[in-house]
Amino acid sequence: LSVDEVSRINIWWNIIPLFSLVAGGLVLHEWPNFRQYLAMSFLLVGSIVASVQWKKNQKIISPGLGWIILVCLEFSFYGIVIRLVSATTPVWFIFVYINCIRLATVILFYFFRSQFRQDFFRETKQLSMATVGWVSAAVAIDYLGVWLNQLALKSEQVSLVFSLEGFQALFVFLISVIISHF
C-alpha cells in the first residue's frame with residue numbers, strides 16, 4: 001500500500017484464482033471446466049487492463065505489482081494447504097490452529113517492540129466504547145469469514161472459491177452504504 005493506490009492493488013487481488021488454478025491442478029489434480037477457465041481469463045485481463053496507467057502516451061505498470069504477485073502466490077498456497085489438510089482434519093481445528101499462529105505472530109513481531117506497546121496502549125485508552133464495539137464486531141465478522149472460507153475450501157476447488165471472493169467488493173460497498181446511514 002505504500003507504493004501504490006489501494007484501488008489498483010485490490011484489482012490485482014483477482015489473480016489469486018489463477019495462481020490457485022495452476023497450483024490446485026499441479027498439487028491436487030483439480031482442473032476446472034472450460035467455462036471456469038473462461039471466467040478466470042476475464043479476471044486476469046481485467047486486472048491487467050485496470051492496473052496500467054496511461055500518462056502522456058506512455059504506459060506505467062503498477063509499482064506495487066511485484067509485491068501483490070508475491071502476496072497472491074502466498075494466498076494461493078494458503079488455499080491449497082487448507083484444501084489438503086482439511087481432507088483429513090476437521091475445519092474447526094484448522095481454524096483454531098491458524099488463529100493461534102496469528103496470535104503468536106502478532107505477539108512475536110509487535111508486542112515485543114516497546115514502541116508498539118506504548119503506541120498501542122496510548123491509542124487504546126483514547127478509544128470510545130462505540131469504536132471498541134464496532135472494531136469488536138468487525139473482528140467477529142472477520143473470524144466468521146475466515147471460518148466460512150475454510151469450509152468452502154474444504155468442499156470446492158481452491159480456484160473457484162477464490163474466484164467467487166471477487167464479489168466481496170459488492171458486499172463491502174453495500175455494507176458501507178448501510179453503515180453510512182447511522
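**Exercises on the salt bridges of a predicted model**

R102 forms a salt bridge with D142, the closest N and O atoms being 3.7 Å apart, where a salt bridge is a side-chain nitrogen of Lys or Arg within 4 Å of a carboxyl oxygen of Asp or Glu. This is a predicted model, in which local features need pLDDT of at least 70 and side-chain atom pairs count only at pLDDT 80 or more, while totals for chains, interfaces and linings use all residues. Residues are numbered from 1 along each chain as its sequence is written, and side-chain values use heavy atoms, with hydrogens and water left out.

**Exercise 1.** Find which helices hold R102 and D142.

*Solution.* Begin with the helices, which are DSSP runs (H or I, at least four residues) numbered from the N terminus. R102 lies in helix α5 (residues 91-111) and D142 in helix α7 (residues 129-155), so the pair ties together parts that are 40 residues apart in sequence.

**Exercise 2.** Decide whether R83 and E30 are buried or exposed.

*Solution.* First, the side chains of R83 and E30 meet in a salt bridge, at 2.5 Å from N to O. This pair links distant parts of the chain, with R83 in helix α4 (residues 65-85) and E30 in the loop between α2 (16-28) and α3 (34-51), 53 residues apart. Next, apply the cut-offs for relative accessible area: buried is under 20%, exposed over 50%, and partly exposed in between (1.4 Å probe, protein chains only). Both R83 and E30 are buried.

**Exercise 3.** Identify which residues are linked with R122 in a network of salt bridges.

*Solution.* The side chain of R122 meets that of E123 in a salt bridge (3.9 Å, N to O), and D119 joins R122 and E123 in the network.

Definitions and conventions:
Helix = DSSP H or I, 4+ residues; strand = E, 2+ residues; numbered from the N terminus.
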